[in-house]
Amino acid sequence: MSLKLFLDMISQPCRSVFLFAKKNNLPVEVKLISLKNGEQHTEKFRKVNPLRKVPALKDGDFCMGESIPMMEYMAEKFNTPDHWFPKDLQKRARVNEYLSWQHLGIRMHGSKIFVMKVIDGPVVKLEVPEDKMARAMEDLNWSLDLIEKTFIKDGGFIGGEQISIADLVAIVEIMQPFASGVDVFQGRAKLSAWKERVVQAVGKELFDEAHKTILSAKDSVKQLDSSKVEYFRPLTVLYFL
Amino acid sequence: MSLELFLDMLSQPCRSVFLFAKKNNLPVEVKLISLMNGEQHTEEFGKVNPLRKVPALKDGDFCMGESIPMMEYMAEKFNTPDHWFPKDLQKRARVNEYLSWQHLGIRMHGSKMFWMKLMAPVVFKLEVPEDKMAGAMEDLNSSLDLLEKTFIQDGGFIGGEQISIADLVAIVEVMQPFASGVDVFEGRAKLSAWKERVVQAVGKELFVEAHKTILSAKDSVKQLDSGKIEYFRPRVLKLIS
């Protein structure tokens, strides 16, 4: 029985897991869970992840959540190439350092922008005050600047000369505000160049496949059934009000 | 030359690093950095951690930040007992799952209390709007409930029967709002019992030593001159408005 991954491609951590699993041709079965249709609330999914979050993994009787530990689990179980999660102590530390920083360093900010621009107004019909939007953009810009100047190695990747999990986790977070209409790459030559290297390392076809849902999110939300809107309300309240 | 750790015991991740290093009698030199005295802004410290955050580690020419990767680095370098960071794939996944979740799951919420209950009103003389405080308390309570009900194994620790890094990282975050005046243990028998097990496993004397600074913060912040720590004002304002 192969390992099952429960993903919704609208979610950044689901995309990093997808990219990692597919790039490495891992024997996994991807099951799509639609957050906007409330599929995370089924009894069946609750048994996989009681926190009702995606991504989630089921390996026989063993279940877990949290994308980074999931990728580390799969890397070790399937013995993926070393550069993804280097065994060398200091190289690993450098990758881990980014993976730890990014939760509060960028994930929080990029997610907020996406929810504010794509969900709040268009779906929940909640107007985001200008000052809140401005502050959220300021936070995002600060994050992007740090990633560009401090984390990405000149001409290389976050961990050094080769791509690692850190780059997958970074790129999916950056694509979230990008997909909501913020041109995160404008005026950031180094960030743009790094993005191209990541796309090339992962493969353009796979990168596009992983991102097609999020890149059409702005349009697809227009089709949302208003009854589904209630699933989003807690998310928006959590973030901003 | 021993490994240097740069810590400010007011900070939760500094305390988990301190507990881990001292419990395991690691050959480290602790250098205290006072955030309230702006010591993170010196040129010297900037060379250790360009992000100017604590905790930070210097091992010869190698420098890094981020407490969890730091502890993983030391665990491997000094070959600490397995239970801290189990090598077994699924046990390790369980520990990592908590370590990943907790950044946004509890750290974010517990940290706020220190700023909203102590720094804002006492040092900066800023009033925290009631609805903001209520929202923050609600978030914290949800986090503590999840920690208690989902993560802590009955009669044991987060990772299972033995203490791990996950418990150190959890306890220091729980102690932050506690030290700020929120009785996080009231009405939470399971959480309280787990806390006692953690204190016992780590050693009461060491636990108390690690927490003496934060536990006297309610009084020590009264001596702070907001004029000397203006660099914290934007952060405070962002939290309360």
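Q: Which residues are linked with E72(A) in a network of salt bridges?
A: This is a predicted model: local features need pLDDT of at least 70, side-chain atom pairs count only at pLDDT 80 or more, totals for chains, interfaces and linings use all residues, and side-chain values use heavy atoms, leaving out hydrogens and water. Residues are numbered from 1 along each chain as its sequence is written, while chains are lettered from A and ligands numbered from 1 in the order in which they are written. A salt bridge is a side-chain nitrogen of Lys or Arg within 4 Å of a carboxyl oxygen of Asp or Glu. Linked with E72(A) in the network are R92(A), E72(B) and R92(B).

Q: In the salt bridge of R92(B) with E72(A), how far apart are the closest N and O atoms?
A: The partners sit on two chains, R92 on chain B and E72 on chain A. Their closest N and O atoms are separated by 3.8 Å.

Q: How many salt bridges does the rule find across the interface of chain A and chain B?
A: Over all chains, the structure holds 24 salt bridges. Across the interface of chain A and chain B, the rule finds three.

Q: What is the area buried between chain A and chain B?
A: The size of an interface is often given as the accessible area lost when the parts come together. Here buried area is the accessible area (1.4 Å probe) that two parts lose on being put together, summed over both. Carbon and sulfur atoms give 61% of it. The area between chain A and chain B is about 3100 Å².

Q: How many residues does the contact take from chain B?
A: Contact means heavy atoms within 4.5 Å. Chain A brings 35 residues to it. From chain B the contact takes 34 residues.

Q: How many residue pairs are in polar contact between chain A and chain B?
A: A polar contact is a pair of N or O atoms within 3.5 Å; within protein, one must be able to donate a hydrogen and the other to accept it, and residues adjacent in sequence count only if both atoms are side-chain atoms. Both residues must be at pLDDT 80 or more. The count is 13 residue pairs.

Q: Which helix of chain A gives the most to the side that touches chain B?
A: Helices (H or I, at least four residues) and strands (E, at least two) are DSSP runs, numbered from the N terminus. Strand 4 (62–65), helix 3 (67–77), helix 4 (89–124) and helix 5 (130–151) of chain A each supply at least two residues to this side. The one giving the most, with 13 residues, is helix 4.

Q: How many charged residues does the side of chain A that touches chain B have?
A: Ala, Val, Leu, Ile, Met, Phe, Trp, Tyr, Cys and Pro count as nonpolar, Asp, Glu, Lys and Arg as charged, and the others, Gly among them, as polar. This side has 16 nonpolar and six polar residues. Its charged residues number 13.

Q: How many of the eleven residues of helix 3 of chain A are buried?
A: Buried means under 20% relative accessible area, exposed over 50%, and partly exposed in between (1.4 Å probe, protein chains only). Among the buried residues of this helix are S67(A), E72(A) and A75(A). Helix 3 of chain A is mostly covered, and its buried residues number nine.

Q: Is S164(A) buried or exposed?
A: S164(A) sits in the loop between helix 5 and helix 6 (165–179) of chain A. Beyond its neighbours within four places in sequence, S164(A) contacts H83(A), W84(A) and V95(A). Its relative accessibility is 1%, so S164(A) counts as buried.

Q: Which residues of chain B does R94(A) touch?
A: R94(A) is in helix 4 of chain A. At 22% relative accessibility, R94(A) is partly exposed. Not counting residues up to four places away in sequence, R94(A) touches K153(A), I158(A) and G159(A), and from chain B F62(B), C63(B) and M64(B).

Q: How many residues apart are R188(A) and D145(A)?
A: Their side chains meet in a salt bridge (3.1 Å, N to O). R188(A) is in the loop between helix 6 and helix 7 (189–202), and D145(A) is in helix 5. R188(A) is buried at 9% relative accessible area.

Q: What is the relative accessible area of D154(A)?
A: K190(A) forms a salt bridge with D154(A), with 3.2 Å between the closest N and O atoms. K190(A) lies in helix 7 and D154(A) in the loop between helix 5 and helix 6, so the pair ties together parts 36 residues apart in sequence. D154(A) is exposed, and its relative accessible area is 70%.
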